[in-house]
Each structure stands twice: as C-alpha cells, then as structure tokens.
Amino acid sequence: MGLKKNPKLMSKKVFIKTFGCQMNEYDSNRIYESISKIGYKKTKICDEANCYILNTCHIRDKAKEKVYHEIGRVKKKFKFKQKPVVVVAGCVAQAENNEMIKREPYIDIVIGPQSYHKINDSILNHIKEKEKKEQTEFDTILKFDYFDKIRNNNSKVSTFLTIQEGCDKFCKFCVVPYTRGPEYSRSFYKIIEEAKQLVKNGSKEITLLGQNVNAYLYEEENSNFRLSDLIMALEEISELKRIRYTTSHPLDMTDDLIKCYEKSRKLAPFVHLPIQSGSNRVLKLMNRNHTVEYYLSVYERLKKINPKIEFSSDFIIAYPGETEEDFEETMKLVKKIKFVNSYSFIFSPRPGTAAFHLELINNNIAKERLKLIQNELFNYQRLKNKMTENKLVNVLVENKINNQNKFFGRTEHMTAVIFDGEKNIEGKIVPVLITSFNQNSLFGVVKLKKNIKAA
Ligand code: SF4
C-alpha cells in the first residue's frame, strides 16, 4: 500500500525509542526509513505520536519487565488521547513473542528483528482491521532483500552498517542465537553500495556491525568475501576517513583480518575483542571454544603488526562455577593486556539459555569481584587518558554540542573528546590539544595548522 493511495497517512507521526546496542540503533533507523514510505514522520515528542515503537534489548537484566514498565508509561501518557499503534520490536519481542500481546493488550504488534520487512503491512493492517500481529519468523534473507531496496538516508558523521546477523556459537549465557537466529552475511555488493550511499550523505566513519562480525562470509559461485575484503573495498571510498567493526569473536580473528591492520590506512587501531573470562576452566564452562593462550596469541599477532592497537573487552564476572582462582586468572589477564573502554557485568541468567538454571555465586562475592576488576580497568583507563594531557590527538569531529561553543568527537581509540573549536569542522579529523581528562573523556581545544606552534 503506497502513499498515493493513502493521503490520510501523510501526517502520521512515529516516536521510536531504542534500547541496547548499535545494531538496534541501526535497525531503528532502517525501520523509520521503511515506515516513512507509508507516510510516517519522526517526532521527538512521544505524546504526539500516532505510532509508538519500542525497539528492545534482551542483554540487560530484567529486560522483559522494563518493556512492560515502559508500555505502562506510554499508556498513562495517552490516557486522554487517541491511542497510538503500539509496536514492540527487537530481541525481547523475539524472545517473548505472542506472550506480550496476551499479557499487555495495549501492545498491537510484536515484531522480531528478522521480520522488520513486514512492519509496514503489520501497521497498515492494524489500522484497517484492528488486527493484533506477532511476527517472529527468521526471514533474514527476505528482510535484507527488502531493506536493500530502501535507501539508507543516515547522514551522521559516524554511522553504523549491519553486515552480518545472528550467531551459531551458542555461548551458554547468550540469547543472541535465539533472538537474532543463525549466522547470516549480507551481500558484499549491497554493503558496498550502502556504504557509498552513507558517505554520499556525509558520513566519514562507518562501523560495520554484526553479532559475530568477523565471521562475515559472503559466498558466490567462484569467490568468497570476508570481513577483510569489505575493509579493503571500503578503503577505496575516498571521502570515508575511518573504518571500525564490532563485535568480534577471538576464533574468527583470521590472518587476512589481522593483515588489514598493516594494509589499511583507514581501519582504526582499536579492537573490541570480548574474552568474558581469563580462566580456561570458565571459558570451557561458557562454551567459548578457545583458551586464554589462544586469545593472547591473537593479541600478540595484532600488537606485532601494529603496536598502536588498543584493546577493549567484555567480562562476565561470577559466572556460575567461577572460583577465587578463576577470578584471579581474569585479574591477571586484565593486568597483562591493558584494556581500555571495557564492559564488565555480574553474570545474570537469561531465560532460554543453557546457563539459565545454573547455581548463582553469592551476590556479595560477585559484587566484590566486580569492584576489584572495575578498579583495575578504570585505573588504567584514567592512566591512559592522563598520558594524552598536553598532547595533540587526532579527533574525528562528530557534532557541535547544543547551545555551546564546544564540539564532540572521538580519537582513533574511541575515546570521547569534548573541546573548544571553530566553525565548519564537523566531519573533519582535527588535532586537539588535551588540557584535562576524566575516566571516560578527554577535554581540550582544537589546534588547526595555523594555530599550531609546536606539535
Ligand atoms: S559468540 Fe557472541 S553472540 Fe554468539 S553466542 Fe557467544 S556471546 Fe552470543
């Protein structure tokens, strides 16, 4: 059903609230581009929406309950107004499916990540027939075929581009294989086309996304394309300045990918490589299928090829069965590899995963371990930020900060930088003199060539 046939739909407004990872951010943007074809315009004011979309994340604790609370808040807002079409999308939608509509009749449509190509029809059917719909099939190929035909209009300086979805690795704590489905890699050519479009829109940095991004493998009759091929092809887009990718699995850090850190001038020297635990025993319990020694060998190969590379990681603390000795092993690893910008959480069970019923470690012990590891991680982060004081760092300028004469950007190692700047520097890589810092950010002033006396 197109706009021409539905002039009444011209003034519809949609409010999209996004929880979770970068892929959800990318998906919300693509969902918007899809529903704009049936006349919806984005609004930042929830109360004026005719359609309310909640794009959910299943990674955090109590994800399901948070969704119901959120819907409760929407219900209150619209108590004396016409009810919007309420859509729950994302990983909670996939995991909970029809149960959501049964439990909360205020929800009209429940749609999983591999069914987003059906969102327009679901909304239109609901408006016409008041039909409640649950769409949670794994139609990944159809989904990408559909979205490949819709232009990506994102024009942010730093944008995301999904190249791969799903996972076949089944770590025991993780919901991804159940919520995003089996591994699927998009067409190499369509990805390059989309990247060129993003750059044409004004993007200067692209982060390639996948739950298992470095498992990317697009097969044709006579050739295979891997993540390394994508990186080297993106390298050729002259206006593109930086390339990143996330999230990787250590087992898929293949030689061709490692070589990119030598060959590519645009690939940022920053690797987010989750290890989860520094103990081989716990890695086995988690079904991670690699050892700490293997992880260290990847780390060393990367450092050898480019010593400037910095690492970040994810840690699950107090995984069921983790002993004091296991935790010490993790601390040892953290001291050895001086990770920056890492994520660390106490294990929390996800319904439907193999680790769901395992016996939890005493909460006080878990909290104490988390405190110890975070002290170590954050201390190094602060130290690393301190090392940049009074130095020039190259920052890709993402945006001006509202109502201030300040700008926001990131270093090649992903550290946030807030600085005083000049006009027309958005989208440029500029040298910034760092004058102060805190744990998460650097602060300074831009030093364009004409201002630099001594670099
Ligand atoms: S490899 Fe990553 S996405 Fe796949 S199951 Fe493990 S943690 Fe989840």
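His-117 lies in the loop that joins strand E5 (109-111) to helix H5 (119-129); helices (H or I, at least four residues) and strands (E, at least two) are DSSP runs numbered from the N terminus. The model is predicted, so local features need pLDDT of at least 70 and side-chain atom pairs count only at pLDDT 80 or more, while totals for chains, interfaces and linings use all residues. Residues are numbered from 1 along each chain as its sequence is written, and side-chain values use heavy atoms, with hydrogens and water left out.

**His-117**
- His-117 counts as buried because its relative accessibility is 14% (buried means under 20% relative accessible area, with a 1.4 Å probe and protein chains only).
- Leaving aside residues up to four places away in sequence, His-117 touches Asp-139, Leu-142, Lys-143, Tyr-146 and Phe-147 (contact means heavy atoms within 4.5 Å).

**Ligand shell**
- Around the ligand are Cys-167, Lys-169, Phe-170, Cys-171, Phe-173, Cys-174, Val-176, Pro-177, Asn-212, His-249 and Arg-288 (a heavy atom within 4 Å).
- This shell comprises 7 nonpolar, 2 polar and 2 charged residues (Ala, Val, Leu, Ile, Met, Phe, Trp, Tyr, Cys and Pro count as nonpolar, Asp, Glu, Lys and Arg as charged, the others as polar).

**Helices H10 and H12**
- H10 (residues 255-263) packs against H12 (residues 292-305) at about 30 degrees, with axes 8 Å apart (axes are lines fitted to C-alpha atoms over the stretch in contact, and angles run from 0 to 180 degrees between N-to-C directions).
- The two helices, H10 and H12, are therefore roughly parallel (angles under 35 degrees).
- Asp-255, Ile-258, Lys-259, Tyr-261 and Glu-262 of H10 meet Arg-301, Leu-302 and Ile-305 of H12.
- The residues in the contact of H10 with H12 are 4 nonpolar, no polar and 4 charged.

Key. Parallel < 35°, antiparallel > 145°, perpendicular 65-115°, else oblique. Buried < 20%, exposed > 50% of the residue type's maximum accessible area, 1.4 Å probe, protein only.
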